[in-house]
Amino acid sequence: YREIAAPGADGPMGGIAATGGALPNHAVFGIAVADVDEVCKRVAELGGTVVDQQPEGPGVPAFAYLRDPDGSLFQVFTPPTA
């Protein structure tokens, strides 16, 4: 996984993951949020689905992949603490 940052940005703005051909090519929009757990709960309440959720780890932000009620996949993440 390689993080992407714009020149002068305070932190990463996205990333690219190599799947080694294990998944078809695709793009997923990621949204920075204050609390991944809270967003996951709210998405479920509104009829969406939590596909995968991971806590913050060394050098990795807390994140989750979610599906909205129409089936669109998106990601939320909380930037890592300093």
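Strand β5 (residues 62-67) and strand β6 pair in the antiparallel sense over six bridges, where two strands are said to pair if DSSP finds at least two bridges between them. The model is a predicted one, in which local features need pLDDT of at least 70 and side-chain atom pairs count only at pLDDT 80 or more, while totals for chains, interfaces and linings use all residues. Residues are numbered from 1 along each chain as its sequence is written, and side-chain values use heavy atoms, with hydrogens and water left out. Helices (H or I, at least four residues) and strands (E, at least two) are DSSP runs, numbered from the N terminus.

**Strand β6 and its partners**

- Within the antiparallel pairing of β5 and β6, L66 stands opposite F74 of β6.
- Strand β6 (residues 73-78) is mostly covered, since five of its six residues are buried, where buried means under 20% relative accessible area, exposed means over 50%, and partly exposed lies in between (1.4 Å probe, protein chains only).
- In a regular strand the side chains alternate between the two faces of the sheet.

**Residue Q75**

- Q75, which has its place in strand β6, counts as buried at 13% relative accessibility.
- Leaving aside residues up to four places away in sequence, Q75 touches V28, F29, G30, I31, F63, A64 and Y65, a contact being heavy atoms within 4.5 Å.

**The β5-β6 hairpin and G71**

- Strands β5 and β6 form a hairpin with five residues between them, and G71 in the turn has a positive phi of about 100 degrees.
- G71, in the loop between β5 and β6, is partly exposed, with a relative accessible area of 35%.
- Although G71 and G48 are 23 residues apart in sequence, their C-alpha atoms are 8.1 Å apart in space.

- A search of the whole structure finds one salt bridge, defined as a side-chain nitrogen of Lys or Arg within 4 Å of a carboxyl oxygen of Asp or Glu.
- The side chains that meet in this salt bridge are those of E45 and R42, at 3.2 Å from N to O.
- E45 and R42 are separated by about one helical turn, because they are three residues apart in helix α1 (residues 36-45).
- E45 is exposed, with a relative accessible area of 57%, whereas R42 is partly exposed, with a relative accessible area of 44%.

**The chain as a whole**

- The chain has one helix and six strands, which follow the pattern β-β-β-α-β-β-β when read along the sequence.
- Along its principal axes, the C-alpha trace of the chain spans about 35 × 30 × 20 Å, and 18% of the 82 residues count as buried.
- Among contacts between residues at least 6 apart in sequence, 33% join residues at least 24 apart.
- The chain exposes about 6,100 Å², of which carbon and sulfur atoms supply 56%; accessible areas come from the Shrake-Rupley method with a 1.4 Å probe, and for residues only the protein chains shown count as cover.
- There are 4 positive and 10 negative side chains, and the centres of the two sets lie 5 Å apart; Lys and Arg count as positive and Asp and Glu as negative, with His and the chain ends not counted, and the place of a charge is taken as NZ of Lys, CZ of Arg, CG of Asp or CD of Glu.
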